[in-house]
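User: Please take me through this model one question at a time. I would like the cut-offs along with the answers.

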Amino acid sequence: MTEPAAPPDTEPDGPLPLAGYTVAVTAARRKEELGALLDRRGARVVYAPAIRIVPLSDDSELVAATKEVLAAPVDLVVATTGVGFRGWLEAAEAWDLPLVEHLRSSRVLARGPKARGAIRGGGLVDAWSPGSESSAEVLEHLLSGAEGPLDGRRIAVQLHGDPLPDFVEGLRATGAEVLTVPVYRWVLPEDVAPVQRLVGSVVAGAVDAVTFTSAPAAASLLQVAADLGRLDEVVTALRGRVRAIAVGPVTAGPLAAAGVPTWQPERSRLGALAREVVARLPERDPVLELAGHRLQVRGHAAVVDDRLVELAPGPLSVLRALAERPGAVVSRPDLTTRLPGGGDAHAVEMAVTRLRAAIGAPLVQTVVKRGYRLAV
């Protein structure tokens with residue numbers, strides 16, 4: 001779901017906007033750049049690359065696809081990404097394949113401005129691109145007959161990790177010969193342990209948001225969860241407190257297909273993605289007015305009167321349970337069930353004592369023989 005523009009990254013007073021939150025990065029490319037953007041806003045960043053890219057120089061599948069394109073004239077070319085189209089042209093040149101010359105007589109369509117720049121940078125002419133930067137609009141343009149009848153024509157579609165099955169099959173249904181060119185194929189990382197740990201963290205609510213910069217990364221996380229037998233748990237968590245934040249609608253596709261709600265910036269850029277995280281996490285957790293004090297319970301910390309308070313898991317679990325029902329009495333048995341690893345009434349009392357000492361304000365009241373509540 002696309003939301004209104006995010007608020008500024010910094011606040012005049014108090015902690016950074018993402019302080020107290022843990023954000024996972026599933027990107028393979030530019031993960032350090034995105035991580036730095038989140039870290040600068042106060043987030044605790046967890047890296048779990050969900051994919052790896054097959055190097056072009058080792059990609060025999062791309063060589064075979066390029067030779068198939070060169071086997072006969074191509075009527076239409078669809079460039080879906082700038083880095084992918086540029087990489088394809090550069091790889092063909094390294095292999096001494098005359099791809100650019102071969103495509104000079106083709107009409108080349110660009111999905112977005114980056115693809116358009118790569119087309120021009122390669123010495124070709126871009127014929128058309130959609131305003132929405134979406135593959136769906138490119139397909140609609142082609143099916144509308146704007147480029148003429150498609151039956152019997154050769155169409156090369158440059159892919160970038162995502163196989164775009166609906167797009168390809170939609171063109172083939174018209175009778176066109178569709179040549180798919182898989183540039184920068186994405187596969188599971190050689191070490192899947194970080195992704196497997198992320199699955200566990202999502203289920204446990206140990207991360208507050210998971211960021212996605214490509215559809216294959218989203219599909220990969222869901223696949224790893226399925227392989228571990230935890231797909232339903234991951235989907236449930238992503239429908240709850242853990243927010244899935246994607247760089248754009250194409251990236252969000254596999255998540256949407258699994259029934260996971262997503263948040264997306266208006267522009268598909270890393271900076272905009274970081275600002276979207278800034279907008280969506282603090283709004284998830286309301287600021288409570290309590291006995292002359294302000295309280296916001298974040299991921300692994302609380303903000304009390306613009307002061308960030310780091311809390312141990314036990315006191316944090318108690319505070320979160322109380323904050324879910326401000327002013328209502330929560331019994332000791334109910335709080336016991338919320339303690340990590342369980343416990344008893346004494347464990348609850350100890351957690352409350354540590355919580356009061358940490359926040360330093362009279363926000364947690366004891367209701368004799370009944371339990372505890374926030375001082376609303």
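**Cores, helices, salt bridges and a sheet**

User: Which residues does valine 202 touch, not counting residues up to four places away in sequence?
Analyst: Happy to start there, with contact meaning heavy atoms within 4.5 Å. Once residues up to four places away in sequence are set aside, the partners of valine 202 are Val207, Val210, Val234, Ala237, Leu238 and Val242.

User: Before we go on, what kind of model is this, and how are residues numbered?
Analyst: This is a predicted model, in which local features need pLDDT of at least 70 and side-chain atom pairs count only at pLDDT 80 or more, while totals for chains, interfaces and linings use all residues. Side-chain values use heavy atoms, with hydrogens and water left out, and numbering along each chain, as its sequence is written, starts from 1.

User: Which residues have the most contacts inside the largest nonpolar core?
Analyst: A nonpolar core is a set of buried Ala, Val, Leu, Ile, Met, Phe, Trp, Tyr and Cys residues joined through side-chain atoms within 4.5 Å. Here buried means under 20% relative accessible area, exposed is over 50% and partly exposed is in between, using a 1.4 Å probe and protein chains only. The largest such core has 28 residues, and the ones with the most contacts inside it are Leu198, Val202, Val210, Phe212 and Leu238.

User: Which element gives the largest share of this core?
Analyst: Helices (H or I, at least four residues) and strands (E, at least two) are DSSP runs, numbered from the N terminus. Two or more residues each come from α8, β10, α9 (215-227), α10 (231-238), β11 (243-246) and α11 (249-257). The largest share, six residues, is that of α9.

User: How many residues are in another core that lies apart from it?
Analyst: Among the members of this other core are Leu290, Ala302, Val330 and Ile359. Its residue count is 27.

User: Is threonine 66 buried or exposed?
Analyst: Threonine 66 sits in helix α2 (residues 60-70). Leaving aside neighbours within four places in sequence, threonine 66 is in contact with Trp88, Ala92, Trp95, Leu97 and Leu99. Its relative accessibility is 0%, so threonine 66 counts as buried.

User: With which side chain does threonine 66 make a polar contact?
Analyst: A polar contact is a pair of N or O atoms within 3.5 Å; within protein, one must be able to donate a hydrogen and the other to accept it, and residues adjacent in sequence count only if both atoms are side-chain atoms. The side chain of threonine 66 has such a contact, at 2.9 Å, with the side chain of tryptophan 88.

User: How many salt bridges are there?
Analyst: Side chains of opposite charge can pair when their charged atoms come close. The rule asks for a side-chain nitrogen of Lys or Arg within 4 Å of a carboxyl oxygen of Asp or Glu. The salt bridge count by this rule is 18.

User: How many residues apart are aspartate 208 and arginine 284?
Analyst: Their side chains meet in a salt bridge, 3.0 Å from N to O. The pair links distant parts of the chain, with aspartate 208 in the loop between α8 (193-204) and β10 (209-212), arginine 284 in helix α12 (residues 270-284), and a separation of 76 residues.

User: Which residues are linked with Asp208 in a network of salt bridges?
Analyst: Aspartate 208 and arginine 284 are both buried. The salt bridge network links Asp208 with Arg241, Arg284 and Asp285.

User: Is glutamate 101 buried or exposed?
Analyst: Glutamate 101 forms a salt bridge with arginine 104, and their closest N and O atoms are 2.9 Å apart. Arginine 104 has 45% relative accessibility, so it counts as partly exposed. At 53%, glutamate 101 counts as exposed.

User: What is the order of the strands in the open sheet of four strands?
Analyst: Strands pair if DSSP finds at least two bridges between them. β14 (residues 293-297) and β15 (residues 301-304), which run antiparallel, are joined by three bridges, and glutamine 296 stands opposite valine 303 in β15. The pairing in this sheet is antiparallel, and the order is β13-β14-β15-β16.

User: Which strands stand at the edges?
Analyst: Each edge strand has a single partner, so one side of it is left without a neighbour in the sheet. The strands in that position are β13 (288-290) and β16 (307-310).
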